[in-house]
Amino acid sequence: MLPARLRMRASAEFRATISTGRRIRRSTLMLYVAEPGDAESTSATGPRIGLIVGRNVGNAVQRNRVKRRLRHGVARLLEDEPTQARIVIRAFPSAAGRSDRVIEDLSSAWHAGLNEKKRIRP
């Protein structure tokens with residue numbers, strides 16, 4: 001499970017990450033990645049993860065299921081590849097019926113988003 005101290009709660013953090021972060025789109029989600037120097041930081045050091053799962057994803061049961069799967073997936077990815085980045089994950093309506101695809105898309109977008117900066121900038 002994703003520790004509470006890593007979760008974004010302030011709308012200012014969400015806005016800063018979404019407006020300044022790189023966007024990585026997959027079929028079930030959009031990942032916004034802002035490196036520590038890219039966005040205004042309102043918290044201490046360490047990664048911050050935000051989830052956006054709107055009503056268009058489905059009813060409350062479906063939304064909570066998607067959020068649980070995303071939190072679980074992020075926790076595993078943080079263990080494998082720690083980061084200091086601010087990350088916001090926006091789930092699309094297609095995420096509700098495709099739980100296996102959500103984890104694949106999350107992993108794919110995660111690695112693309114975090115490795116992109118390493119490839120582009122020396």
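This report describes the fold, the helices and the salt bridges of one predicted protein model.

## Basis of the model

Residues are numbered from 1 along each chain as its sequence is written. Because the model is predicted, local features need pLDDT of at least 70 and side-chain atom pairs count only at pLDDT 80 or more, while totals for chains, interfaces and linings use all residues; side-chain values use heavy atoms, with hydrogens and water left out.

## Overall layout

The protein chain has 3 helices and 4 strands, in the order α-β-β-β-α-β-α from the N terminus. Helices (H or I, at least four residues) and strands (E, at least two) are DSSP runs, numbered from the N terminus.

Of the 122 residues in the protein chain, 43% are buried. Buried means under 20% relative accessible area, exposed means over 50%, and partly exposed lies in between (1.4 Å probe, protein chains only). The chain exposes about 6,800 Å², and carbon and sulfur atoms supply 49% of that area. Accessible areas come from the Shrake-Rupley method with a 1.4 Å probe; for residues, only the protein chains shown count as cover. Among contacts (heavy atoms within 4.5 Å) between residues at least 6 apart in sequence, 80% join residues at least 24 apart.

## Helix α1

Helix α1 covers residues 11–20, and its buried residues are Glu 13, Phe 14, Ala 16, Thr 17 and Ile 18. The cover over these buried residues includes the strands β1 (22–25), β2 (29–34), β3 (48–52) and β4 (86–91).

Thr 20 also lies in α1, and it counts as partly exposed because its relative accessibility is 40%. A polar atom of the Thr 20 side chain is 2.6 Å from the backbone oxygen of Ala 16. This is a polar contact, defined as a pair of N or O atoms within 3.5 Å; within protein, one must be able to donate a hydrogen and the other to accept it, and residues adjacent in sequence count only if both atoms are side-chain atoms.

## Helix α2

Helix α2 (residues 60–80) has 21 residues and should span 30 Å at 1.5 Å a residue, which agrees with the 30 Å between its end C-alpha atoms. The expected span is 1.5 Å times one less than the number of residues. Among the buried residues of α2 are Val 66, Leu 70, Arg 71 and Gly 73. At the start of α2, a side-chain oxygen of Asn 59 comes within 3.1 Å of the backbone nitrogen of Val 61.

## Salt bridges

The model has 4 salt bridges; each is a side-chain nitrogen of Lys or Arg within 4 Å of a carboxyl oxygen of Asp or Glu. One joins Glu 13 and Arg 48, at 2.9 Å from N to O. Glu 13 is in helix α1 and Arg 48 in strand β3, so the pair ties together parts 35 residues apart in sequence. Glu 13 is buried at 4% relative accessible area, and Arg 48 is buried at 12%.

Another salt bridge links Glu 35 with Arg 22, whose closest N and O atoms are 3.7 Å apart. Glu 35 lies in the loop between β2 and β3 and Arg 22 in strand β1, so this pair ties together parts 13 residues apart in sequence.

## Asp 105 in helix α3

Asp 105 is in helix α3 (residues 99–120) and is buried, at 1% relative accessibility. Beyond its neighbours within four places in sequence, Asp 105 is in contact with Arg 26, Ser 27, Thr 28 and Leu 29.

Asp 105 also forms a salt bridge with Arg 101, at 3.1 Å between the closest N and O atoms. Both residues lie in α3, 4 residues apart, about one turn of the helix. Salt bridges with shared partners join Arg 101, Glu 104 and Asp 105 into one network.
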